[in-house]
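Please read the points below next to the coordinates. They go through the fold, the core, the surface and the charged pairs in turn.

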Amino acid sequence: MIGENENQKNEPELEAPKGLVEDVAALYGAEVPVPAEVDEAIVVMARRRLTPRRRPRLVLRWAFAGAAASAAALLLAVWILGGPERPRRASSRSAHVSIKEDFDGNGRVDILDAFALARQVESARTLKDKWDMNGDGIVDRADVDRIAMAAVSLKRGT
Amino acid sequence: MKILQGVVFVCVLFAVHVQAQETRLDEPEAQAPVRFEAVDVYMDSKDEPLAAYQFEFAAETGEIKIVGIEGGEHPAFKEPPYYDPAALSKDRIIIAAFNTGKDLPAGKTRVARFHVQVMGEADPEYVVKLDVAASVEGKRIPATMTLAKGEPK
């Protein structure tokens with residue numbers, strides 16, 4: 001390696017003849033005018049070729065984001081709506097009842113309402129239409145059962 | 001764009017984390033020992049014949065599911081009482097019954113028996129709350145309630 005470098009140093013520098021240098025400079029150094037239309041045409045062609053390459057990437061990126069957002073929303077919805085039921089403790093019964101099952105009119109539905117209607121039905125006294133709890137046109141044991149089921153409903157008791 | 005991706009990623013991570021926690025919470029329950037027991041409910045109306053009652057039964061501690069309900073020992077309340085079917089498999093229920101006949105129990109009588117499934121080692125603590133007890137005329141009467149553990153069938 002050292003010997004090669006020494007040989008290169010010893011070689012005389014090559015120089016082209018002055019006339020050749022001037023001719024080559026005149027050939028390639030001259031400015032060639034490019035019309036503006038050609039420039040524009042090149043730019044348009046370049047845009048045509050380059051733009052389609054960028055668009056699919058953009059679409060893919062948005063598609064991925066949309067899919068991920070949908071998946072996240074779905075997971076959250078499942079978690080919120082379909083989550084395991086939390087244990088609930090007993091709470092005092094609400095005295096808020098508006099309904100016709102409140103046979104004795106004391107503001108709450110309990111077994112005494114059913115019991116009172118049952119006594120009316122069994123005693124064969126005059127039965128009022130408003131005691132037809134299930135709307136079947138007759139006042140009978142089915143209406144008593146309806147009141148009793150309303151009294152024990154957990155929905156009303158929570 | 002990157003912010004949106006970040007938000008979505010965090011949402012997914014959160015959902016997965018919560019799901020994993022719930023799965024972990026469920027694991028001990030699935031492995032916990034399960035046993036069954038019966039709980040008798042007594043009502044004492046003293047000298048007054050009992051024609052109707054309504055009460056609430058629940059487990060204040062422990063984890064249970066109510067799996068069955070029987071009526072009382074007296075013929076007037078032998079039939080299963082009224083209850084909300086949705087209460088089965090839960091730890092709370094409202095029970096009610098009445099009888100318009102003349103043959104009614106007085107004094108202390110068993111009005112219902114609950115069959116419960118107990119999960120875990122802990123002994124559940126049951127509570128009962130009387131809503132109403134009534135005489136044959138439908139008038140409220142004072143009554144007391146007690147609980148006793150019985151043998152499951």
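In what order do the elements of chain B run from the N terminus on? They run α-β-β-β-β-β-β-β-β.

1. Basis. This is a predicted model, in which local features need pLDDT of at least 70 and side-chain atom pairs count only at pLDDT 80 or more, while totals for chains, interfaces and linings use all residues. Residues are numbered from 1 along each chain as its sequence is written, chains are lettered from A and ligands numbered from 1 in the order in which they are written, and side-chain values use heavy atoms, with hydrogens and water left out.

2. Chain B overall. One helix and eight strands make up the secondary structure of chain B; helices (H or I, at least four residues) and strands (E, at least two) are DSSP runs, numbered from the N terminus. Of the 153 residues in chain B, 46% are buried, where buried means under 20% relative accessible area, exposed over 50%, and partly exposed in between (1.4 Å probe, protein chains only). Among contacts in chain B with a separation of 6 or more, 80% join residues 24 or more positions apart; a contact means heavy atoms within 4.5 Å. The chain exposes about 8000 Å², of which carbon and sulfur atoms supply 56%. Accessible areas come from the Shrake-Rupley method with a 1.4 Å probe, and for residues only the protein chains shown count as cover.

3. Nonpolar core. The largest nonpolar core has 54 residues, and I111(A), F55(B) and F114(B) have the most contacts inside it. At least two residues of this core come from each of α4 (111-123) and α5 (141-152) of chain A and from each of β1 (34-44), β2 (52-61), β3, β5 (92-98), β6 (108-119) and β7 (125-134) of chain B. A core here is a set of buried Ala, Val, Leu, Ile, Met, Phe, Trp, Tyr and Cys residues joined through side-chain atoms within 4.5 Å. Leaving out residues up to four places away in sequence, F114(B) touches a list that includes V39(B), V41(B), F55(B), F57(B), I66(B), I93(B) and I95(B).

4. Helix α2 of chain A. The end C-alpha atoms of this helix (residues 18-29) are 16 Å apart, which agrees with the 16 Å that its 12 residues should span at 1.5 Å a residue. The expected span is 1.5 Å times one less than the number of residues. The helix is hardly covered: the count of buried residues among its 12 is zero. V24(A) is found in this helix and counts as partly exposed because its relative accessibility is 42%. V24(A) also belongs to a nonpolar surface patch with L20(A), L27(A) and Y28(A), with about 470 Å² of accessible area together. Patches are made of residues with over 30% relative accessible area and no salt bridge, like charges being joined within 9 Å and nonpolar side chains (Val, Leu, Ile, Met, Phe, Trp, Tyr) within 5 Å.

5. Salt bridges. D110(A) pairs with R108(A) at 3.6 Å, N to O, and with R140(B) at 3.4 Å, N to O. The latter pair crosses between chains, from the loop between α3 (36-81) and α4 of chain A to the loop between β7 and β8 (144-150) of chain B. D110(A) is buried, at 0% relative accessible area, whereas R140(B) is partly exposed at 48%.

6. A pair within chain B. R92(B) and E56(B) meet in a salt bridge at 2.9 Å, N to O. R92(B) lies in strand β5 and E56(B) in strand β2, 36 residues apart. Both residues are buried.

7. Loops to check. K46(B), in the loop between β1 and β2, has phi near 60 degrees, a positive value in a residue other than glycine. S89(B), in the loop between β4 and β5, has a positive phi near 75 degrees. H74(B) sits in the loop between β3 (63-70) and β4 (82-83) and counts as buried because its relative accessible area is 17%. Beyond four places in sequence, H74(B) is in contact with D103(B), L104(B), P105(B), T109(B) and R110(B).

Technical notes. A salt bridge is a side-chain nitrogen of Lys or Arg within 4 Å of a carboxyl oxygen of Asp or Glu.
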